[in-house]
Amino acid sequence: MRGVYAQIAMFALLALLLSAVVLGLLLKPIQTAAIEPKEPPFQLSFPPLAAFPPENASMNLAPILARPLFFESRRPFEAPAAKVEIAPQPAEPPIPIIAVETLMLKGILLGSGSSKALIASPANPSGIWVAVGAEIEGWKIEVITRADVRLVQQQQRAVLPLYRRDASR
């Protein structure tokens, strides 16, 4: 048993010695000075700027700049000609000619800036309000007065009276 205790004591002594060495290394100050290279670093040398005056540089570079580097042909860029394709316009359906007799003037609103007329048609039996210049059933409103509305369609002209006079009266 005595040998076992001796071995334990020896290992303890070695551990104590090792810890003293490590502690000594840790407490040693770290060197913070920069390490100087043995050879000087490679340096490029450029000719002075006076060797390339600006007025001569533009004259010398003009042929180079005229030939772009990244074009395969090295010719100056030319925009491709624009191709203008005109799509065929669908023919406008002809405006159906509605007889003016199917339109009925139901009311007139006269204002200082704009006048409107309430006109009923087969498509709008209750009527819609239209101003001068508007269209209804292919007829364009030309003039709105107190008593009537004047319409025009192509070369035809018509008048819608506010009050229709019956022939039976």
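The model is predicted: local features need pLDDT of at least 70, side-chain atom pairs count only at pLDDT 80 or more, and totals for chains, interfaces and linings use all residues. Residues are numbered from 1 along each chain as its sequence is written, and side-chain values use heavy atoms, with hydrogens and water left out.

**Salt bridge**

- A salt bridge here is a side-chain nitrogen of Lys or Arg within 4 Å of a carboxyl oxygen of Asp or Glu.
- The partners are R157 and E142, whose side chains meet at 2.7 Å, N to O.
- This pair links distant parts of the chain, with R157 in strand β7 and E142 in strand β5, 15 residues apart.
- Strands (E, at least two residues) are DSSP runs, numbered from the N terminus.

**Exposure of the two partners**

- Buried means under 20% relative accessible area, exposed over 50%, and partly exposed in between (1.4 Å probe, protein chains only).
- R157 is exposed, at 60% relative accessible area.
- E142 is partly exposed, at 34%.

- E137 sits in the loop between β4 (135-136) and β5 (139-144).
- E137 is partly exposed, with a relative accessible area of 25%.
- Q154 sits in the loop between β6 (148-153) and β7 (156-161).
- Q154 counts as exposed, at 62% relative accessibility.

Terms used. Helices (H or I, at least four residues) and strands (E, at least two) are DSSP runs, numbered from the N terminus.
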